[in-house]
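Please walk through this fold with the model open beside the text.

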Amino acid sequence: MPTEPHPALVAHVDVNSAYASFERVFDPSLEGVPTVVLSNNDGCVVAASKEAKALGIPLGEPWFKLQPRAAMTGLQARSSNYELYGDMSRRVMEVLERFAPTLQYSIDEAFLLLGPRSAETDLAAFGREVKDTLRRLVGVPVCVGIARTFTLAKLANRTAKKLPVFDGVCVWDSTRPEWRDALLARLPVSEVWSIASRLERRLAAQGITTVAQLRAADPVAIRARFNVVVMRTVLELAGTPAITLEEERIGKEQLIFSRSFSEPVTSREGMRQVLSVYGQQAAARLVRHHQKAKLLTVFAGTSHFAAQRDFPNMLVPLAAPTSDPVVLAKAAGRILPLLHEGTRYARAGIMLTDLRPADGQCAFEPFRFRHEDEGIAELVDQVNRKLGGGSVGLGHGGLRPGPQWQMKRQKLSPRATTHWDELALVKAG
Ligand SMILES: [Mg+2]
């Protein structure tokens with residue numbers, strides 16, 4: 001039992017095989033069945049369940065190559081249903097906020113900032129409670145890693161995922177030091193967050209191939225030979241917090257833009273301005289990365305110590321993939337009715353998902369823009385939300401549909417959490 005108080009800790013929470021797990025919530029027949037999720041147009045595998053990975057199916061594999069074997073192996077495929085995944089992600093984050101301040105890191109993972117805890121805190125029990133609550137309230141399996149630094153928490157999570165003995169929760173400091181050393185001596189550096197394959201080769205050239213060797217490296221020499229990011233990783237592996245999560249991240253699957261305010265925002269009007277700026281800045285990031293987004297999640301939150309705690313969030317499907325700042329700012333503003341006037345909001349952010357390459361969508365956007373003031377974009381939005389994306393379009397958008405209208409999604413699961421008519425059916429008996 002620890003005798004000293006726990007240092008400031010972070011918990012890393014990650015949904016296991018997220019997309020496949022989200023699909024399983026509303027289709028239990030997929031439970032235990034090898035399942036893959038396909039990219040837009042049912043092209044390639046973008047996510048695979050544990051069982052599908054066990055069949056040796058690599059991400060990026062074209063579906064037509066897998067199809068002949070599918071019946072034999074029992075492999076099931078689903079079209080990517082980003083609206084479902086976005087909403088499930090929103091639910092996961094909403095539950096996590098009940099436990100501690102939450103930094104969403106990607107569509108299916110987040111860090112809980114636990115701060116210092118008293119020596120009596122049973123961290124493993126806390127981790128299990130997080131895991132069980134998500135299973136009960138959202139229906140998804142997660143693993144939890146708890147440690148002093150982001151890097152170690154992520155490593156602890158990976159350990160919990162890989163080694164069944166942990167049952168999904170690994171508290172790094174509670175494991176025996178000799179055991180940890182033996183594990184790190186076995187793990188290749190590529191297991192460490194932020195160590196990309198190119199860096200892995202350069203480290204190998206310096207004789208550093210295992211996590212234990214990286215942890216033992218001289219941070220100053222590492223900084224000189226590589227860069228400050230790698231130095232921080234070395235410090236974090238040794239248990240010294242050295243990174244702050246930057247508040248803007250763009251990945252293959254999502255763009256996250258969030259900020260803590262220096263002064264709390266207490267009015268809807270104030271928040272409208274904030275979200276408008278965020279929408280425009282996020283749009284600029286999208287344009288810079290030649291991408292458009294089809295879904296926006298907007299969230300706000302008070303401090304966890306505030307008298308009135310509030311963590312509203314909302315998923316907003318966009319009528320068409322866009323990087324239009326006006327459209328994104330407006331979409332972000334949809335959360336405003338959920339906010340309470342006078343509550344002291346300490347942060348806000350938006351996450352953009354279902355990202356698509358920016359090319360091939362040209363005609364529709366200027367049209368939407370021009371009709372913004374007449375509210376036609378909203379009408380289109382409403383009709384599309386009700387009848388499904390692409391039911392109506394304006395001008396060129398209607399006559400000469402962009403690729404998203406024709407998207408092949410023959411294996412699409414219902415958007416069970418965001419559309420009344422696609423609710424899961426429960427049969428009695
Ligand atoms: Mg995951």
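Tyrosine 105 and phenylalanine 111 are both buried. Buried means under 20% relative accessible area, exposed means over 50%, and partly exposed lies in between (1.4 Å probe, protein chains only). This is a predicted model: local features need pLDDT of at least 70, side-chain atom pairs count only at pLDDT 80 or more, and totals for chains, interfaces and linings use all residues. Residues are numbered from 1 along each chain as its sequence is written, and side-chain values use heavy atoms, with hydrogens and water left out.

A pair of aromatic rings is described by the distance of the centres and the angle of the planes. Here, rings of Phe, Tyr and Trp (its six-membered ring) pair if their centres lie within 6.5 Å. Planes under 30 degrees apart count as stacked, over 60 as edge-to-face and the rest as tilted. The count by this rule is 11 aromatic pairs. In one of them, the ring centres of tyrosine 105 and phenylalanine 111 are 6.0 Å apart and the planes stand at 75 degrees, so the pair is edge-to-face. Elsewhere, Tyr19, Phe22, Tyr82 and Tyr85 form one aromatic cluster.

Charges also meet rings. A charge sits over a ring if NZ of Lys or CZ of Arg is within 6 Å of the ring centre and within 35 degrees of the ring normal. The charged end of arginine 117 sits over the ring of phenylalanine 126, 5.3 Å from its centre. Arginine 259 lies over the face of phenylalanine 257, at 4.8 Å from the ring centre.

Now the strands. Helices (H or I, at least four residues) and strands (E, at least two) are DSSP runs, numbered from the N terminus. Two strands pair if DSSP finds at least two bridges between them. Strand β1 (residues 6-15) has 8 of its 10 residues buried, so it is largely enclosed by the rest of the structure. β1 runs antiparallel to strand β6 (residues 109-117), joined by 7 bridges. There, alanine 11 stands opposite leucine 112. β1 also pairs with strand β7 (residues 142-147), antiparallel over 6 bridges. Valine 13 has valine 144 in β7 as its bridge partner.

An open sheet of 3 strands has the order β3-β2-β4, with mixed pairing. Its edge strands are β3 (45-48) and β4 (76-79), each pairing on one side only. The twist averages 30 degrees from one strand to the next. Strand β2 (residues 35-38) pairs with β3 in the antiparallel sense over 3 bridges. Valine 36 faces alanine 48 in β3.

Axes are lines fitted to C-alpha atoms, for helices over the stretch in contact, and angles run from 0 to 180 degrees between N-to-C directions. Of the 15 residues of helix α4 (residues 82-96), 13 are buried, so α4 is largely enclosed by the rest of the structure.

Two loop residues remain. Aspartate 167 has a positive phi of about 55 degrees although it is not a glycine. Its place is in the loop between α6 (150-162) and β8 (169-171). Aspartate 167 is exposed, with a relative accessible area of 51%. Histidine 290 also has a positive phi, near 55 degrees, in a residue other than glycine. Histidine 290 lies in the loop between α12 (268-288) and β11 (291-302). Histidine 290 is exposed, at 59% relative accessible area.
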